[in-house]
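This report covers a sheet, a charged surface patch and a loop residue. The sequence and structure come next.

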Amino acid sequence: MNTNYETLLFEVENEIGVITVNRPKALNALSEQVHSELNALLKEFKNLNKDYSIAKGLILTGAEDKAFIAGADIKGMTTMTAEQAESFARLGQENTLLFESLNVPVIACVNGYALGGGCEMAMSCDFIYGTKTAVFGQPEVKLGLIPGFGGTQRLSKLVGRNRAKEITYSGRNVGVEEAKEIGLVVAIFETKDEMLESAKTYLSKMMRNSPHAILEAKRVMNEGNDLTISEGLNVEAKAFGAIFNSDDMKEGTKAFVEKRKPVFTGK
């Protein structure tokens, strides 16, 4: 994979990839360049990792300690036309959809500020870890804007419509303790290093399970977000039946009967 980016770092160790937004002087704000490079990286990863040859799990984080992603690059937005702004929003939205469509679990490891676009990027991951300094929010209304990278849609699905409206209308910051209480964050850590190590440990344990089953669970759960319960159950039943044709299902059930550890291939 190409790792030569100006605003991103990408490294893989022990089958776990780490994407770091690397603009610490700008608090890792999402410029058009960041979005373009992230788009290229995610598309390449998705295309080349079909057989899990690159990684079986991903972490998204921000450089240094002050910010995960402090938001969109407001300075760059001041000269945008309405048409350019819509294109910028659609590129950011495409990146969030790419995160959701990857065939591996993605953990957002939030250090410091995750405001606006940063909160939106974190919400597109499978779940969020945060340090004690992590701060979330959708403050766009304070600038005469609205969330543009999926915040109006995902926040309500994670924390409930009324609470999401209150957070968005007020533009207030949400501390990590409150974020955990309302279901936005699943775990809190003292330091960034501890958080990253815990994320890698979790992903390493997850790798013992069937990659194919995890992918199907991810797909069905994401698809079900936009369906009624009856429609979602129908999607689940079809996926449950189809997975009986997979090598991983046959290996997993056979290993259980034979009282041994399964050897999954992701197929």
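## Sheet

Phe136 stands opposite Val174 in β9. Strand β8, residues 135-137, pairs with β9 in the antiparallel sense over two bridges; two strands pair if DSSP finds at least two bridges between them. Helices (H or I, at least four residues) and strands (E, at least two) are DSSP runs, numbered from the N terminus.

Four strands form an open sheet with mixed pairing, in the order β4-β6-β8-β9. The edges are β4 (67-69) and β9 (174-175), each with a single partner strand, so one side of each has no neighbour in the sheet.

## Model and numbering

This is a predicted model, in which local features need pLDDT of at least 70 and side-chain atom pairs count only at pLDDT 80 or more, while totals for chains, interfaces and linings use all residues. Residues are numbered from 1 along each chain as its sequence is written, and side-chain values use heavy atoms, with hydrogens and water left out.

## Loop residue Gly183

Gly183 lies in the loop between α7 (176-181) and β10 (187-189). Its relative accessible area is 40%, so Gly183 is partly exposed (buried means under 20% relative accessible area, exposed over 50%, partly exposed in between; 1.4 Å probe, protein chains only). Gly183 and Leu158 are 25 residues apart along the chain, and their C-alpha atoms are separated by 6.7 Å.

## Residue Asp193

Asp193 lies in helix α8, residues 192-206. Asp193 counts as exposed because its relative accessibility is 62%. Glu64, Asp65, Asp193 and Glu197 form a negative surface patch (residues with over 30% relative accessible area and no salt bridge, like charges being joined within 9 Å; a salt bridge is a side-chain nitrogen of Lys or Arg within 4 Å of a carboxyl oxygen of Asp or Glu).

How values were computed: Patches are made of residues with over 30% relative accessible area and no salt bridge: like charges are joined within 9 Å, nonpolar side chains (Val, Leu, Ile, Met, Phe, Trp, Tyr) within 5 Å. Accessible areas come from the Shrake-Rupley method with a 1.4 Å probe; for residues, only the protein chains shown count as cover. Lys and Arg count as positive and Asp and Glu as negative; His and the chain ends are not counted. The place of a charge is taken as NZ of Lys, CZ of Arg, CG of Asp or CD of Glu.
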